[in-house]
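Colleague: Could you pick out one part of this model and take me through it closely? Once that's done, tell me how the rest of the chain looks around it.

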Amino acid sequence: MHSAPTPDVPPGRTLGDALAEGTVLLDGGLSNQLEAQGCDLSDTLWSARLLSDAPQQIEAAHTAYARAGAQVLITASYQATFEGFARRGIGRARAAELMGGSVESARRAGTVTGRELWVAASIGPYGAMLADGSEYRGRYGLTVRELARFHRPRAETLAAAGPDVLALETVPDIDEAEALLRVVQDLEVPVWLSYSVAGDRTRAGQPLAQAFGLVAGIDQVVAVGVNCCDPADADRAVEVASAATGKPVVVYPNSGEEWDAEGRSWTGRGTFTPGRVRDWQRAGARLVGGCCRVGPSHIAALAERLEPSGT
């Protein structure tokens, strides 16, 4: 497999610096790679269960993406919450260790290639903890203040583990985005914010320009965009995010298949085509990759198609 071209730069460059200079390649879906490795993800903790039960599988999945050319590895903490771990009898101290371990696992995996690589600590939405598909709907009946109270402890825990960036991802509505931004403003870690969208709106039905505009002028936010959505919806969203904020855009859609939350299975056919990455770049995308059902082979194909910086 081919790796994404990496410029000859001094060590210690921040992700924000890299995005100012060109396009950076994200990894793909962690869950589908773990399933390809034979892991059972039927538990409500999803991939986060393996932080406790099989951490070597998490590291192996990260390694597969690093070898495919990914320059950013997203941790297995999307569904890792103190509440979720407590339901499995895991106390707060051990849960904090597991969350921190998610960052360490990605960091170790990133050393296998010798290339420049960043670790993004995933912070999924409140609905991910519920494990009922509500992250694709939003509007949980909670206030911004209540959502901030939920997110703060794990955001602080993940930030303390030393990631290069916090990934506020698969956010379904503006209220939760506002809550997350309130939480991270007290943390000295850059962030990206990516919404899950349907058509030209957030999953909760708000206009995308309004949703993206929430981060305009916030220097801590190094990129804004979409993830965990249909590739066709991502195409238009990149343009809107760039126009609304002037920031680098992050885009990593699903394969195009549909998730059946009740049946806990994927349906339909994949429509993810690596060739569309150049259109994303030309529209303002600087952080590109894939989400659910997008594997290492897709990431390798994206790496081959990236336009060189400056074109």
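Modeller: Let's start with what is tucked away: Ala95, Leu98, Met99, Gly100, Gly101, Ser102, Val103, Ser105, Ala106 and Ala109 of α6 are buried. Buried here stands for under 20% relative accessible area, exposed for over 50%, and partly exposed for anything in between, with a 1.4 Å probe and protein chains only. Bear in mind that this is a predicted model, where local features need pLDDT of at least 70 and side-chain atom pairs pLDDT 80 or more, while totals for chains, interfaces and linings use all residues. Numbering runs from 1 along each chain as its sequence is written, and side-chain values use heavy atoms, with hydrogens and water left out.

The helix itself covers residues 92-109, 18 residues in total, and spans 26 Å from first to last C-alpha, close to the 26 Å expected. That expected span is 1.5 Å times one less than the number of residues. As for what sits over its buried residues, the cover includes α3 (50-53), α4 (55-68), β2 (72-74), α5 (82-87), β3 (118-123) and α8 (144-160). Contact means heavy atoms within 4.5 Å. Helices (H or I, at least four residues) and strands (E, at least two) are DSSP runs, numbered from the N terminus.

Stepping back, the chain has 13 helices and 12 strands. Its radius of gyration is 17 Å, close to the 19 Å from the globule rule for 311 residues, so the chain is as compact as a globular protein of that length. The radius is taken over C-alpha atoms, and the rule is 2.2 Å times the number of residues to the power 0.38. Of the 311 residues, 57% are buried. Among contacts with a separation of 6 or more, 77% join residues 24 or more positions apart.

Another buried spot is Thr170, at 2% relative accessible area, in strand β4 (residues 165-171). Leaving aside residues up to four places away in sequence, Thr170 touches Tyr78, Pro125, Glu135, Tyr136, Ser194, Ser196, Asn227 and Cys228.

Cys228 is in none, and the nearest cysteine sulfur, that of Cys292, is 4.0 Å away. Cys228 is buried too, at 2% relative accessible area.

Note on methods. A disulfide is a pair of cysteine sulfur atoms within 2.5 Å.
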